[in-house]
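These are my notebook entries on one protein model. I set down what I looked up, entry by entry.

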Amino acid sequence: MINRCFCCVSVDDEPEPAAAPAGRRRYTYRHQEPTNPSRTPKNRSMEYPWEIYSLKELLQATNNFNDSNKLGEGGFGTVYWGRTSKGVEIAVKRLKAMTAKAEMEFAIEVEILGRVRHKNLLSLRGFYAGGDERLIVYDYMPNHSLLTHLHPQRGVPSSQQHQPLDWARRVAIAIGAAEGLAYLHHEANPHIIHRDIKASNVLLDADFVPKVADFGFAKLIPDGVSHLTTRVKGTLGYLAPEYAMWGKVSESCDVYSFGVLLLELVSARRPLEKLPGGVKREIVQWAAPLVERRKWERLADPRLAGRFDAQQLRTVVEAAMLCAQSDAESRPAMAEVVEMLRFSGERRTAKEIVPVAAASSETEATDLDDVTGSSEPLDRRSWKLTKLR
Ligand SMILES: Nc1ncnc2c1ncn2[C@@H]1O[C@H](COP(=O)(O)OP(=O)(O)OP(=O)(O)O)[C@@H](O)[C@H]1O
């Protein structure tokens, strides 16, 4: 059900709350995010400022939604770059068609983004809703989505493809995105499940600070409810098994998707690969045997050419594998993931990172020893052991 007053939209698409409040863990993770008092909101009834734009203003800003302003296209809309009369760069998502589904996405996005603010979440600047036109205005992210930095972009000449992200940047992106998600799960009130965590929904600002975006599929979780049963939305390759099969959605579905995203970030492999013969392989299936055999270096993006911190890589991959466990109950909470990743990020500064390619080929011959030797079970206990080493 959508309440169509967009300054107090309430959204509820066919939830069936399955109450299991007993034993629900509570986390005290807090981010330090001062709101900017210098901004004068047009809407003072909201905790966070956003504006109701006029159509004229957004037409002017985007040069009448000119094709040359197009940033990209998603399932529900096309996104355009624009500049406001005050000189601010914006991204405007224009809904393609006024279907009930599209309007639902619009309402959810505006509702959720209007109530959250965090350095790692894409900020809502405002919206326009009139006639058949639905427009959402965001901060413009000059470094586009993480996806464009990990995989070659179709139709883009090789000279214009992004340079590979260096290791320090990848770790910082992992930590930032985890913090944004932890805020949604543990701090936002009510808690929010994103439901579509993937590389194209992590945008990068001018300093490559990651911003989790695209809340069109998000769910608000009433207090005391551990999961909801709902129609499956999201993207193949990132879906937690219990969600894909039974539509059971909880914060741990996001944790699973985040695990897939971490593996993608480290390896630059697609979450779902088509093997010769048409068989599809998930990134977790690709990574698991390498993790079991402790072949950490083989998990790294070849374009890094060995320039990564091997210990840090191992910690990030371990965190990813914990997140992407098929048993939802065994997955860590995002607050724990943040802790694991922060620990890995603090281990070394970028300057200390030395190429390990030579070292990895040297260790190849002795790698087999690891299979029977010092391998520990990969669980939270093993992560704690790693941390203590
Ligand atoms: N604030 C922004 N700044 C810069 N680029 C953006 C911004 N918001 C979206 N984009 C770009 O616009 C394109 C379309 O985004 P959109 O969120 O509509 O779809 P998507 O995430 O690519 O696909 P899907 O609909 O499956 O989620 C993406 O390439 C994205 O990188």
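**Entry 1: Val-317.** I looked up Val-317 and found it buried, with a relative accessible area of 0%; buried stands for under 20% relative accessible area, exposed for over 50%, and partly exposed for what lies in between (1.4 Å probe, protein chains only). The model is predicted, so I note that local features need pLDDT of at least 70 and side-chain atom pairs count only at pLDDT 80 or more, while totals for chains, interfaces and linings use all residues. Residues are numbered from 1 along each chain as its sequence is written, and side-chain values use heavy atoms, with hydrogens and water left out.

I place Val-317 in helix α8, residues 310-323. Helices (H or I, at least four residues) and strands (E, at least two) are DSSP runs, numbered from the N terminus. Which residues does Val-317 touch, not counting residues up to four places away in sequence? I list Leu-263, Val-266, Val-291, Trp-296 and Leu-299, where contact is taken as heavy atoms within 4.5 Å. I also noted Leu-262, which is 55 residues from Val-317 along the chain, with 7.3 Å between the two C-alpha atoms.

**Entry 2: the nonpolar cores.** I then turned to the largest nonpolar core, which has 86 residues. Such a core is a set of buried Ala, Val, Leu, Ile, Met, Phe, Trp, Tyr and Cys residues joined through side-chain atoms within 4.5 Å. Val-317 is among the members that touch the most others, together with Leu-146, Phe-258 and Leu-341. Helix α4 (residues 167-187) gives the most to this core, 11 residues. At least three residues come from each of domain 1 and domain 2. Apart from this core I found another, of 10 residues, including Tyr-80, Tyr-128, Leu-135 and Val-137.

**Entry 3: the two domains.** The domain assignment of the protein chain gives domain 1 (51-139) and domain 2 (144-152 + 163-343); such bounds come from an automatic or database domain assignment. I read 26 Å between their C-alpha centres. In the contact between them, 17 residues of domain 1 meet 22 residues of domain 2. The area buried between the domains is about 1,600 Å², and carbon and sulfur atoms give 64% of it; buried area is the accessible area (1.4 Å probe) that two parts lose on being put together, summed over both. Ile-112, Asn-120 and Leu-121 supply 33% of the area that domain 1 buries against domain 2, more than any other three residues.

How many salt bridges does the rule find across the interface of domain 1 and domain 2? I recorded 2, a salt bridge being a side-chain nitrogen of Lys or Arg within 4 Å of a carboxyl oxygen of Asp or Glu. I also looked up the salt bridge between the side chains of Glu-179 and Lys-119, at 2.5 Å, N to O.

**Entry 4: the cysteines.** A disulfide is a covalent bond between the sulfur atoms of two cysteines. Cys-253 is buried at 5% relative accessible area, and Cys-323 is buried at 0%.

**Entry 5: Thr-84.** Lastly I looked up Thr-84, which sits in the loop between β4 (77-83) and β5 (89-95). Thr-84 counts as buried, at 13% relative accessibility. Leaving aside neighbours within four places in sequence, Thr-84 is in contact with Ala-61 and Ile-90.
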